[in-house]
Amino acid sequence: MIRKQGYVCNHKRVYRVYKQMGLNIRRKRKRRVPERVKEPLTLPINTNIMWSIDFMQDSFLHGKNFRTLNIIDDFNRECLWITADVSIASQRVTRELDKLIDYRGKPEWIRVDNGPEFTSIHFQDWCEQKDIKIRYIQPGKPVQNSFIERFNRSYREEILNAYLFSSLEQVNILTEEWIEHYNNKRPHEALGDLTPIEFSAKYGKASFSIFENINNNEICIN
C-alpha cells in the first residue's frame, strides 16, 4: 500500500516500525485434524460466473444480535454486497440479490452452505426463475466455500471485532467505507498484490462458463 502511494522504502524498515507500533496480530495455530476428503474448489475465469454468499453474526452494545449477508465474486474476490439487519430471511436475501443484479448483472452460479435461507423453496424457485444454478457445499465442509470464508475473516477482524456498535446505521457506514478500501485500495496477496478491481481489469476474460479445477488442472465446460 505504501508503494502504491509512490513512496520508496525498505521493506525491513517498514516491518520494524509495523511491529514496534503493535500493528502485527499473532495468528493462532490451527490444531492438527485428521485428513478429510475435499471437494475440488473451482476457480472461474471471469466475473459474474460464480458468486459466494454467507452469513455472519455479531451484537450491539445493548446485547441484541444482528446479522450480515456477505456476497463476493469468486473470480477477483471483490466484495459485491454486505447487508446488515437484525433478521435476514430468504425473501430478504432474494430482494438484495435482485438489487445487486440490477446494476451488476446476474451470475451463472451461486455457491452457498446448507442454511435454511438457501435451502428454502423460495430461494430455489427464485434461482430457477433467474436461470441461476446453485452449488451447495457439503454439510460441515466450510473449506468448500473458502473464498468467502477468508473474506469473512478479514471483515470480522477489521470491522466486527474492531468496533462497538450501537446501531445498524453505524454498522452500515463503517462497512461501506471498508468495502471501498477493500475493493479499490487494498492489495491482495492471492491476487498477486493487486486490488480486486485491478485484478479484474488485468485478467478478466470473455464471459463464458468454463471452470478450472485448481487441484488437478482439469477443465470442466458447463
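This is a predicted model: local features need pLDDT of at least 70, side-chain atom pairs count only at pLDDT 80 or more; totals for chains, interfaces and linings use all residues.
Trainee: In which sense do strand 2 and strand 5 pair, and over how many bridges?

Mentor: Strand 2 and strand 5 (residues 109–112) pair in the parallel sense over 3 bridges. Two strands count as paired if DSSP finds at least two bridges between them, and strands here are DSSP runs of E with at least two residues, while helices are runs of H or I with at least four, numbered from the N terminus. Residues are numbered from 1 along each chain as its sequence is written, and side-chain values use heavy atoms, with hydrogens and water left out.

Trainee: What joins strand 2 to strand 3?

Mentor: 9 bridges do, and these two strands run antiparallel. Ser59, for instance, stands opposite Asn65 in strand 3. Strands 2 and 3 form a hairpin with 5 residues between them, and Gly63 in the turn has a positive phi of about 100 degrees.

Trainee: What is the strand order of the open sheet?

Mentor: The order is 4-3-2-5-6, with mixed pairing among the 5 strands.

Trainee: What makes strand 4 and strand 6 the edge strands?

Mentor: Strand 4 (78–85) and strand 6 (133–136) each pair on one side only.

Trainee: Why is Met56 called buried?

Mentor: Buried means under 20% relative accessible area, exposed means over 50%, and partly exposed lies in between, using a 1.4 Å probe and protein chains only. Met56 has 9% relative accessibility, so Met56 counts as buried. Met56 lies in strand 2 (residues 50–59), and 8 of the 10 residues of that strand are buried.

Trainee: Which residues does Met56 touch?

Mentor: Not counting residues up to four places away in sequence, Met56 touches Phe66, Arg67, Thr68, Asn70, Asn152, Tyr155, Arg156 and Leu160. Contact here means heavy atoms within 4.5 Å. Met56 and Tyr155 are 99 residues apart in sequence, with 9.5 Å from C-alpha to C-alpha.

Trainee: Why does Leu23 count as partly exposed?

Mentor: Leu23 has 46% relative accessibility, so Leu23 counts as partly exposed. You will find Leu23 in the loop between helix 1 (11–20) and strand 1 (42–44).
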